[in-house]
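Let's take a walk through this one, helix by helix, with a stop at a loop along the way. Have your viewer open and follow along.

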Amino acid sequence: MLFAFLTQGFTGLAQVRVAKNINYAGNNDVANTLNIYYKKDVENKDVIIFIHGGSWSSGKKEIYWWLGRNFAKNDVVTAVINYPLAPNATYREMANASAKAVKWVQENISSFGGNPQRIFLMGHSAGAHLCELINSDPQYFDNLGIKNPVKGVILNDAFGLDMQEYLSKAEKDDYYTNFLRTFSTDVAVWQLGSPLFYVKKIKNPHLIFYGTKTYPAIQIQSERIFETLQVQNVPVSLIKIKGKKHVAMISQMVFGKNKLYQEIYSFLKKTN
């Protein structure tokens, strides 16, 4: 029986294909590459672009192969991207790269069975910050000469939605020093890099998760963006995951039956 279960699991994985190390920026930099997870012979499926976390200074797309495969197994074409990291890049350069990845996906994802009219952004931690920044601040897609193509946004334990608030109040520890490499010491820049500064420009539906044991700043700012979007009559759902800390909010999704997947599939289905 165990062998039958394992065989079934590997057969399911075998249905998923992966196109690796595609450069989305027209250069040879591994920081500007993405992997696409999809099934053969699928067409016109929803698309998720996932932006990883790591305090804007660590992480890479290969870590999240399981996320891409889990989504693809359920007919969601998934692009997991790299982007340049601190100290070699500022938040603005990271956002510019992320927007370029979205543009590339919009122009090419139909070749992998994805619907370019059904692109969703998803990120964890700092990656969620970048998702919301390029979604809410018009400059990033404007600079590429395209309209915002994002159908909806999925924020998983988003860190840095208001960097001005965080950097003004946070303890001056090693994390704080690390964040300054990304956002500088200029208070005005902290505001410009904060998605909540542009929240009134947000029109597309949102699904927001946070763990009840995550960092207080994440809980506070997730609640704030949720409440603000509600006031603006933007479709938004907030789901609190009991007992989960920050890293566990994404690592739990290693398991394809994790409840976050069902919430995400429901969100995709009801987003027209």
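Predicted model: local features only at pLDDT ≥ 70, side-chain atom pairs only at ≥ 80, totals over all residues.

In helix α9 (residues 216-231), the buried residues (under 20% relative accessible area, with a 1.4 Å probe and protein chains only; exposed is over 50%, partly exposed in between) are Ala-217, Ile-218, Gln-221, Ser-222, Glu-223, Ile-225, Phe-226 and Leu-229. Helices here are DSSP runs of H or I with at least four residues, strands are E runs of at least two, and both are numbered from the N terminus. The cover over those buried α9 residues includes α4, α6 (163-169), β7 (206-211) and β8 (236-241). Contact, here and below, means heavy atoms within 4.5 Å.

Residues are numbered from 1 along each chain as its sequence is written, and side-chain values use heavy atoms, leaving out hydrogens and water.

Now for α4 (residues 126-136) and its partner α3 (residues 91-108): their axes come within 9 Å and cross at roughly 75°. The axes are lines fitted to C-alpha atoms over the stretch in contact, with angles from 0 to 180 degrees between N-to-C directions. On the α3 side, Tyr-91, Met-94, Ala-95, Ser-98, Ala-99 and Val-102 make the contact, and they meet Leu-130, Leu-133 and Ile-134 of α4.

Zoom in on Ala-95 in α3. Its relative accessibility is 0%, so Ala-95 counts as buried. Setting aside neighbours within four places in sequence, Ala-95 touches Leu-130, Leu-133, Ile-134 and Tyr-140. Its C-alpha sits 9.2 Å from that of Pro-84, eleven residues away along the chain.

Pro-84 also turns up among the contacts of Asn-32, together with Ala-97 and others. Asn-32 belongs to the loop between β1 (16-23) and β2 (33-39), and at 9% relative accessibility it counts as buried.

Last stop: α11 (residues 259-270). Its buried residues are Leu-260, Tyr-261, Ile-264, Tyr-265, Phe-267 and Leu-268. Down the axis of α11 they fall within an arc of 160°, so they line one face of the helix; the arc is taken from the directions from the helix axis to the C-beta atoms. On the other side, Lys-259, Lys-269 and Lys-270 are exposed.
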